[in-house]
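Please have the sequence and the model open while I talk.

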Amino acid sequence: MKLLHLDSSILGDASVSRQLTREVVEAFRLAESQLEVSYRDLVADVDGHLSGAVLAAKGTPAELRTPEQSRLADKAQAVMAEFLASDVIVIGAPMYNFSIPSQLKAWIDLISVAGVTFRYGANGPEGMVHGKRAVIVATAGGKHAGTPGSAAHIDYLRFLLGFLGIADVSVIAAEGLNMGPAVRDTSLDAARNAIGTLAETTI
Ligand SMILES: Cc1cc2nc3c(=O)[nH]c(=O)nc-3n(C[C@H](O)[C@H](O)[C@H](O)COP(=O)(O)O)c2cc1C
């Protein structure tokens, strides 16, 4: 089984989502001894965003690409291949300004490609990615559950993954992380309990 582990927090060692994604991956590792893990730190990748130059590079036949276009096209291809090869995707998704970090959006822009991961048919859009499972590790400084439009980072990721064909999506949520130690600890305990439950159903 192949697992793709993604982190997108800019907070380095102080990041809660980075800590929790590690714990989720560890839970999968304990349940599946043959687990192969690929790790991508989306923040370390400073030129990860989709741009006109990347689109032009992908649209240029390989033999006509400049060295820079080859680098851009190869990188986009590597991100897609890694995604397609994975059985499980663990996504660290902190809430930044009521959305996901731009680095995570940049990754989504590289793996959402018409004709590869989705297509438009007579009945509308159709996901082309099947047989994968996703775990979203969603963190937030405030408490948002139950307020309208509040879990925008979680809702967007669920929708996007569903659009691509991934219906098996679990969410480990830790909210209120910046609301003082008591709220933070309660929230982290709940997230860790959820990871424990996830581990029981990993395979
Ligand atoms: C740039 C930035 C924007 C943030 N925006 C929000 C926000 O809109 N809502 C919220 O509840 N918390 C917000 N926070 C707080 C983070 O969600 C919180 O610190 C959480 O722990 C982030 O996960 P991480 O520790 O893995 O980075 C923001 C933090 C940063 C650094």
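This is a predicted model: local features need pLDDT of at least 70, side-chain atom pairs count only at pLDDT 80 or more; totals for chains, interfaces and linings use all residues.

**The ligand and its surroundings**

Let me begin with Gly-142, where a backbone N or O atom lies 2.8 Å from an oxygen atom of the ligand, a polar contact in the sense of a pair of N or O atoms within 3.5 Å (within protein, one must be able to donate a hydrogen and the other to accept it, and residues adjacent in sequence count only if both atoms are side-chain atoms). Taken alone, the ligand exposes 620 Å², and the protein buries 80% of that, with accessible areas coming from the Shrake-Rupley method with a 1.4 Å probe and, for residues, only the protein chains shown counting as cover.

Residues are numbered from 1 along each chain as its sequence is written, and side-chain values use heavy atoms, with hydrogens and water left out.

Coming back to the ligand, an oxygen atom of it is 2.6 Å from an N or O atom in the side chain of Ser-9, and an oxygen atom of the ligand is also 2.8 Å from a polar backbone atom of Met-95. Which residues come nearest? Of the 17 residues around the ligand, they are Ser-9, Ser-15, Ser-17, Gly-142 and His-144, where a residue is near if one of its heavy atoms lies within 4 Å. The shell divides into eight nonpolar, nine polar and no charged residues, with Ala, Val, Leu, Ile, Met, Phe, Trp, Tyr, Cys and Pro counted as nonpolar, Asp, Glu, Lys and Arg as charged, and the others, Gly among them, as polar.

**The strands**

Next, strand S6, residues 133-139, has seven of its seven residues buried, so it is largely enclosed by the rest of the structure; buried means under 20% relative accessible area, exposed over 50%, and partly exposed in between. Helices (H or I, at least four residues) and strands (E, at least two) are DSSP runs, numbered from the N terminus. In a regular strand the side chains alternate between the two faces of the sheet. In S6, Arg-133, Val-135, Val-137 and Thr-139 point one way and Ala-134, Ile-136 and Ala-138 the other, and all are buried.

What does S6 pair with? It pairs in the parallel sense over seven bridges with strand S3, residues 88-94, and likewise over seven bridges with strand S7, residues 168-174, pairing requiring at least two DSSP bridges. Ile-89 has Ala-134 in S6 as its bridge partner, while Ala-138 has Ala-173 in S7. S3 is itself mostly covered, with seven of its seven residues buried, and strand S1, residues 2-7, pairs with S3 in the parallel sense over four bridges.

**The aromatic rings**

Finally, a search of the whole structure finds three aromatic pairs, defined for rings of Phe, Tyr and Trp (its six-membered ring) by centres within 6.5 Å, with planes under 30 degrees apart called stacked, over 60 edge-to-face and the rest tilted. Phe-83 and Trp-107 have ring centres 5.6 Å apart and planes at 85°, so the pair is edge-to-face. Phe-83 lies in helix H3 (residues 67-85) and Trp-107 in helix H4 (residues 102-111), so the pair ties together parts that are 24 residues apart in sequence.

Notes:
Buried means under 20% relative accessible area, exposed over 50%, partly exposed in between (1.4 Å probe, protein chains only).
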